[in-house]
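These are notes for a colleague who has not seen this model before. Please read them with the structure open.

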Amino acid sequence: MQNAGLGALGLNWRYLAFEVDPDNLRAAIQGAKAMNFIGLNLTVPHKLLAVDMVDALDDSAKSWGAVNTIRFEGRDERGAWRPLREFAEAPGETRAHGFNTDAGAITRALREDLGLELRGGKTLLLGAGGAGRTAALKLASEGVSELWLVNRTRSKADAVAKEIRERYPGVSVTTGYPAEPVDLVLNATSLGLKPNDPSPLDGKQFALRQAGSVYDMIYRPAETALLKEAKAAGCRSANGLGMLLYQGAEAVELWSGQTAPVEIMRQALKRNVYG
């Protein structure tokens with residue numbers, strides 16, 4: 001996906017995957033900076049750890065407490081920090097600037113893939129871990145009216161609910177299942193990754209026919225148990241492929257300063273994920 005995007009933009013760059021042990025993350029970031037990498041993407045479990053390992057944090061990373069994209073920057077002769085793409089030769093001083101493109105990708109996927117208007121909506125969110133917390137905070141920032149948080153460990157959901165009440169007091173947030181219809185059910189758990197995984201939704205406590213739309217952050221398999229149930233219940237539904245696409249597209253834009261070729265990246269992603 002990223003290489004397709006970089007190629008379409010005519011950039012002589014290459015996107016590569018490296019497996020890094022969490023204990024070596026700081027050294028890996030410093031090494032990439034020393035070798036004048038343009039940037040990095042980070043995935044689980046590095047996103048939270050990297051917050052304390054970069055030299056500067058964008059407002060997005062500060063807001064959501066996680067870094068999934070790093071842009072390396074150099075200090076110019078005037079003392080200003082600029083992306084490395086703008087330097088003909090390696091600058092004398094560089095820094096790692098951390099961003100979060102996940103949060104914006106969630107809401108973009110919900111709008112573009114499901115046609116949802118988030119402001120004033122009601123959402124049941126399954127999962128309060130890293131992805132769930134980011135989704136809950138982002139939805140609250142977008143002005144949803146009500147949020148219900150369900151998590152296997154109740155204390156995690158309570159902690160996220162407390163944070164939302166403090167930061168976004170206009171949003172009504174409850175832990176547990178709603179007793180009324182909702183506009184969206186959003187799965188941020190890992191249930192569905194394995195073929196025999198059950199649905200993350202407790203059908204005895206909430207029936208999917210009460211939901212207008214269902215979004216599952218999982219994209220492989222393309223149709224999880226939750227999405228099969230959503231289809232049977234007549235809900236609009238989408239998997240997490242769009243979220244993966246949009247967070248990657250924003251990273252390309254941060255590194256290149258150009259508009260990402262989203263449709264070219266989408267087709268490359270579909271071919272890679274689904275064959």
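1. With 275 residues, the protein chain would have a radius of gyration near 19 Å if it were a compact globule; its value is 20 Å, which agrees. The radius is taken over C-alpha atoms, and the globule rule is 2.2 Å times the number of residues to the power 0.38. Along the principal axes, the C-alpha trace spans about 60 × 45 × 35 Å.

2. On sources: this is a predicted model, in which local features need pLDDT of at least 70 and side-chain atom pairs count only at pLDDT 80 or more, while totals for chains, interfaces and linings use all residues. Residues are numbered from 1 along each chain as its sequence is written, and side-chain values use heavy atoms, with hydrogens and water left out.

3. The protein chain has 10 helices and 11 strands; these are DSSP runs numbered from the N terminus, helices being H or I of at least four residues and strands E of at least two. Of contacts between residues at least 6 apart in sequence, 70% join residues at least 24 apart, where contact means heavy atoms within 4.5 Å.

4. Of the 275 residues, 49% count as buried. Buried means under 20% relative accessible area, exposed over 50%, and partly exposed in between (1.4 Å probe, protein chains only).

5. The structure holds 1 aromatic pair. Tyr 15 and Trp 255 form this pair, which is tilted, with 6.1 Å centre to centre and 40° between the planes. Tyr 15 lies in the loop between α1 (2-8) and α2 (25-34) and Trp 255 in helix α9 (residues 241-256), so the pair links parts of the chain 240 residues apart. Rings of Phe, Tyr and Trp (its six-membered ring) pair if their centres lie within 6.5 Å; planes under 30 degrees apart count as stacked, over 60 as edge-to-face and the rest as tilted. Tyr 15 is partly exposed at 31% relative accessibility, whereas Trp 255 is buried at 5%.

6. Two cis peptide bonds deserve a look. One runs from Val 44 to Pro 45, with omega near 10°; Pro 45 is in the loop between β1 (39-41) and α3 (46-49). Another joins Arg 220 and Pro 221, with omega about 10°, and Pro 221 lies in the loop between β10 and α8 (225-232).

7. Asn 36 is not a glycine, yet has a positive phi of about 60°. Asn 36 lies in the loop between α2 and β1 and, at 32% relative accessibility, counts as partly exposed.
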